[in-house]
Amino acid sequence: MPSAPYKRLPGRKRHFLFGHVSHALWMGDDHLLWLQGSFFSESYKRFHYRDIQALVIQPDRRWKMQGLFTGLFTLAALGLTFHWGKTELEKVVILWLFAWPFPLSFLVNLVKGPTCRAHLRTAVHAQKLPSLQRLRTASKAVEILKARIRQEQGILAEERWRALAEKARARPAGAKAFPVPPAGPKPGKVSKASRLHALLFALLLVDASWTALDLWQSHPAITLVNMLLSLALGFLTVSVLVHQKRSGTGGRSASVVWAAMGFLCVVYTLSYVHYLTVSLGYGGQVFNPWRWARLLSPLPPLALSLPNFIYLFSMTGSLALGTAGLLLSNRFVPEASPVADASPLEQEA
Amino acid sequence: MNCTRCGAAFGEDVFMAGGTDRCPSCGAPVRMEVFPALWRPLAPLRDEGLPGEGEASCFHHPRKKAVVVCQRCGRFLCRLCDLEIDGTHLCSACIEASLKKGRLQALEPRRVLYGRIALALAVWPALLVWPTLLTAPAAVYVAVRYWKAPSSLVGRRKIDYLLAILVASLETTLWVLFFAWIFF
């Protein structure tokens with residue numbers, strides 16, 4: 001039995017990138033335990049109920065984005081299943097071996113419901129709560145927490161609350177505000193993460209244009225450059241994800257980067273499946289990049305074949321993500337609220 | 001705290017209102033649950049002044065009057081040096097030492113899950129079979145060596161160790177039988 005009686009709050013986040021595998025919140029006697037578990041260790045942060053000032057939940061668009069992309073991939077996977085499978089048995093085998101993750105992830109996302117970002121605020125900092133990533137779960141967890149925090153802190157009388165709010169609102173501009181920590185770079189200054197975002201989105205557009213060129217021009221050098229571009233995109237996307245995780249960049253452009261990661265994974269998987277199919281067709285022969293490029297380049301652009309499908313998918317995906325990313329990215333961080341060191345009650349005193 | 005959609009810092013108005021509101025910059029919906037701690041003033045640090053005749057001074061600040069004794073090392077501490085954790089008054093040196101030895105659970109920031117390491121050593125290499133010749137004894141060693149090490153604050157405690165020992169013992173037995181079959 002655990003020495004401290006902790007009770008788990010609803011919500012858990014698991015992911016396998018960057019070494020961290022899970023996030024969860026546990027309720028202790030007098031504090032909330034924030035837990036981040038990796039493969040062989042656990043990190044903890046403790047927030048005493050008496051110190052928690054606010055819980056903030058903000059719905060985001062990840063749900064829609066995930067739904068859109070998993071839906072598209074589901075359609076693509078089902079299309080491929082019916083295109084490849086000549087008999088019922090073949091269709092079933094392809095579906096079970098290759099296509100099933102896409103409809104499954106689409107359904108899981110649909111059932112789990114809208115996504116959100118949750119934060120907990122104390123007098124000294126704001127803590128992101130990654131385990132509360134679905135609105136329904138977050139609402140449940142917040143209700144439980146709210147009751148426990150109120151038990152500890154009590155409830156402020158309505159009149160008193162209103163008086164404090166009015167007083168804070170009436171404060172002249174430039175007066176000290178809440179202790180909002182300065183986030184990100186100064187207004188007008190472009191951060192490294194933003195530059196990397198812009199570079200990634202631009203490279204996606206270059207990739208789209210180059211894939212179009214490759215589709216219509218039959219030259220192995222063009223195909224080889226296209227392969228290198230795809231590889232560079234993969235490295236850059238991982239690098240941007242690491243940077244945005246470190247810098248805590250959120251928002252639309254961050255969602256587009258995640259979508260780009262998912263898109264590239266599908267492109268790589270399809271390319272790998274194609275390579276395996278061709279290699280098996282040549283008796284298990286291994287192709288070096290140049291031979292592979294020579295094999296791919298003479299394909300007619302309008303033929304109904306898997307490589308052409310990959311080309312078209314890659315081209316449209318890169319174009320859509322690159323354009324969306326450049327349009328949606330917030331390169332300039334809005335002005336932050338003034339930082340202060342006193343709460344309204346203190347100033348009142 | 002900033003809006004996750006547009007990055008703009010939430011103003012006081014959003015905090016004041018509580019409940020469901022919209023980001024003043026981008027209009028994205030936001031739900032705020034505000035608690036009385038938001039209005040609580042920070043307790044000012046009272047200066048106890050210079051130590052008088054016959055009064056003890058702080059170990060770290062000889063010009064300040066001691067107000068409490070560290071309950072682990074016995075040093076006199078002023079109000080600035082006194083750190084109260086779960087009702088126990090400690091000095092910073094004792095806290096650091098306790099953290100290193102894993103004796104201060106209330107402040108522990110991280111724990112290594114040796115049970116999981118032992119289990120991983122026992123199970124994962126079994127996929128390739130031959131590495132278990134080395135990893136099975138290693139798993140038993142880790143499980144026995146760190147049996148008493150503090151485990152997860154919230155999760156299962158000894159089940160990982162037991163499973164690791166069980167699986168590793170089984171693997172070792174199979175290896176012994178295999179070699180016995182080859183050589184004898």
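Predicted model: local features only at pLDDT ≥ 70, side-chain atom pairs only at ≥ 80, totals over all residues.
Let's start where the two chains meet: Glu42(A) has Arg111(B), in strand 7 of chain B, as its bridge partner. For the complex, the predictor gives an ipTM of 0.81 and a pTM of 0.63.

What does strand 4 of chain A pair with inside its own chain? With strand 3: seven bridges join the two, and they run antiparallel. Gln36(A), for instance, stands opposite Ser43(A) in strand 4. Strands 3 and 4 of chain A make a hairpin, with two residues between them.

Now chain A as a whole. Chain A has 349 residues, and 31% of them are buried. Its secondary structure comes to eleven helices and seven strands. If you take the contacts in chain A between residues at least 6 apart in sequence, 66% of them join residues at least 24 apart.

Okay, strand 6 of chain A, please have a look at that one. How many of its six residues are buried? Six, and the strand is mostly covered. You can see it on both faces: Cys116(A), Ala118(A) and Leu120(A) are buried on one side, and Arg117(A), His119(A) and Arg121(A) on the other. Strand 6 of chain A has strand partners too. It pairs with strand 5 of chain A in the antiparallel sense, over six bridges, and there Ile57(A) has Ala118(A) as its bridge partner. Then there's strand 7 of chain A, residues 126-128, which runs antiparallel to strand 6 and is joined to it by three bridges. Leu120(A) stands opposite Gln127(A) in that pairing, and a hairpin through four residues links strands 6 and 7 of chain A.

That brings us to the inside. In general, nonpolar side chains in soluble globular proteins tend to be buried together. Here, the largest nonpolar core has 38 residues, and Leu25(A) and Ala138(A) touch the most other members. Who contributes? In chain A, strands 2, 3, 5 and 6 and helix 4 each give two or more residues, and so does strand 2 of chain B, residues 29-34. Helix 4 of chain A gives the most, with six residues. As for Ala138(A), leaving out residues up to four places away in sequence, it touches Gly11(A), Ile57(A), Cys116(A), Ala118(A) and Leu132(A). Apart from this core there's another one, with 26 residues, including Leu204(A), Ala259(A), Phe263(A) and Val267(A).

Buried or partly exposed? Val21(A) has 14 other C-beta atoms within 10 Å, so it counts as partly exposed.

One quick check on a helix. Helix 1 of chain A, residues 62-84, has 23 residues, so at 1.5 Å a residue it should span 33 Å. The C-alpha atoms at its ends are 32 Å apart, which agrees. Its buried residues are Gln66(A), Phe69(A), Thr70(A), Phe73(A), Ala77(A) and Thr81(A).

Over to chain B. Chain B has five helices and seven strands, and from the N terminus the order goes α-β-β-β-β-β-β-α-β-α-α-α. Of its 184 residues, 30% are buried. Among its contacts with a separation of 6 or more, residues 24 or more positions apart account for 27%.

The helix I'd point you to is helix 3 of chain B, residues 114-123. Why call it largely enclosed by the rest of the structure? Because eight of its ten residues are buried. Those are Tyr114(B), Gly115(B), Arg116(B), Ile117(B), Ala118(B), Leu119(B), Leu121(B) and Ala122(B). The cover over them includes strand 7 of chain B, along with helices 4 and 5 of that chain.

Last thing, confidence. Chain B averages a pLDDT of 84, and 90% of its residues score at least 70. Among the elements of chain B, helix 4 has the highest mean pLDDT, at 94, while helix 1, residues 12-17, has the lowest, at 60.

Conventions
Residues numbered from 1 in each chain as written. Chains lettered and ligands numbered in written order. Core = buried A, V, L, I, M, F, W, Y, C linked by C-beta atoms within 7 Å. Buried ≥ 20, exposed ≤ 12 C-beta atoms within 10 Å, placed from the backbone. Contact = placed C-beta atoms within 7 Å. Pairing = 2+ DSSP bridges. pLDDT = per-residue confidence, 0-100. Expected span 1.5 Å × (residues − 1).
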